Amino acid sequence: IKVDQPIIYKAIGHVENDYDEPATPEEMRSAESRIILAPALTEGLAGLEPDQQIMVVFHFHRSQGFDLLQHPRGDRSRPRRGVFALRSPRRPNPIGITVVDLIAVEKNVLRVRGLDALNDTPVLDLKPV
C-alpha cells in the first residue's frame with residue numbers, strides 16, 4: 001500500500017448523545033452515550049457483556065484539515081505538540097479511538113460511558129480491550 005492511497009470504510013453504526021457541539025472531553029466522557037449498530041450486524045455483539053470495556057473506533061465527521069503542530073485542546077498558553085502526541089480531532093486521518101465502559105447491550109444498541117464523540121458520529125469498529 002502506498003502512502004496517500006485512499007482507503008474506504010463503511011460506518012457500522014452511529015453515536016447518539018446530547019452533544020451536537022463539542023464540549024470538554026471530561027464532560028462528554030461523564031455522560032452516557034448510545035451506539036446504534038446497523039441491525040444486520042447485531043449478531044456480531046455476541047459475547048459483549050455489561051461492565052466490560054470496549055474500544056470504539058470512529059470517524060471525526062466534522063473535522064476539517066489538520067496542522068502537524070497544535071496547541072493541546074487549542075490552549076495557546078500551552079506549547080504546541082505534534083498531532084500524533086495529541087487526541088485532537090484535527091488529524092491527517094480523522095479517526096478517533098476511545099475506551100468506554102459498556103453499561104448495557106440492548107439488541108443493536110450499546111449504552112456506554114466514557115465516549116468523547118459527538119451526536120451522529122459514524123462508528124467504524126468496536127473491539128474488546
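User: What does it take for two strands to pair in this predicted model?

Analyst: Two strands pair if DSSP finds at least two bridges between them. Strand β3 (residues 53–59) and β8 meet this in the antiparallel sense. The count of bridges for β3 and β8 is 5.

User: Over how many bridges do β1 and β8 pair, and which residue is the bridge partner of Gly13?

Analyst: Strand β1 spans residues 13–16 and strand β8 spans residues 122–128; their antiparallel pairing runs over 2 bridges. Gly13 has its bridge partner in β8, namely Val123.

User: Which residue in β7 is the bridge partner of Asp101?

Analyst: Strand β6 (residues 95–106) pairs with strand β7 (residues 109–113) in the antiparallel sense, over 5 bridges. The β7 partner of Asp101 is Arg113.

User: In what order do the strands of the closed barrel run, and what is the average twist?

Analyst: The closed barrel has 6 strands with antiparallel pairing, in the order β1-β2-β7-β6-β3-β8. From one strand to the next, the twist averages 45°.

User: Is Phe66 buried, partly exposed or exposed?

Analyst: Phe66 lies in the loop between β3 and β4 (69–70). Buried means under 20% relative accessible area and exposed means over 50%. Because its relative accessibility is 38%, Phe66 counts as partly exposed.

User: What accessible area does the nonpolar surface patch with Phe66 have?

Analyst: Phe66 forms this patch with Leu68, Leu69 and Phe84. Together their accessible area is about 440 Å².

Note on methods. Residues numbered from 1 in each chain as written. Predicted model: local features only at pLDDT ≥ 70, side-chain atom pairs only at ≥ 80, totals over all residues. Heavy atoms only, no water. Helix = DSSP H or I, 4+ residues; strand = E, 2+ residues; numbered from the N terminus. Patch = residues over 30% accessible without salt bridge, like charges linked within 9 Å, V, L, I, M, F, W, Y side chains within 5 Å. Areas by Shrake-Rupley, 256 points an atom, 1.4 Å probe, with all protein chains shown as cover. Salt bridge = Lys/Arg side-chain N within 4 Å of Asp/Glu carboxyl O. Buried < 20%, exposed > 50% of the residue type's maximum accessible area, 1.4 Å probe, protein only. Axes fitted to C-alpha atoms, helices over the stretch in contact; angles between N-to-C directions.
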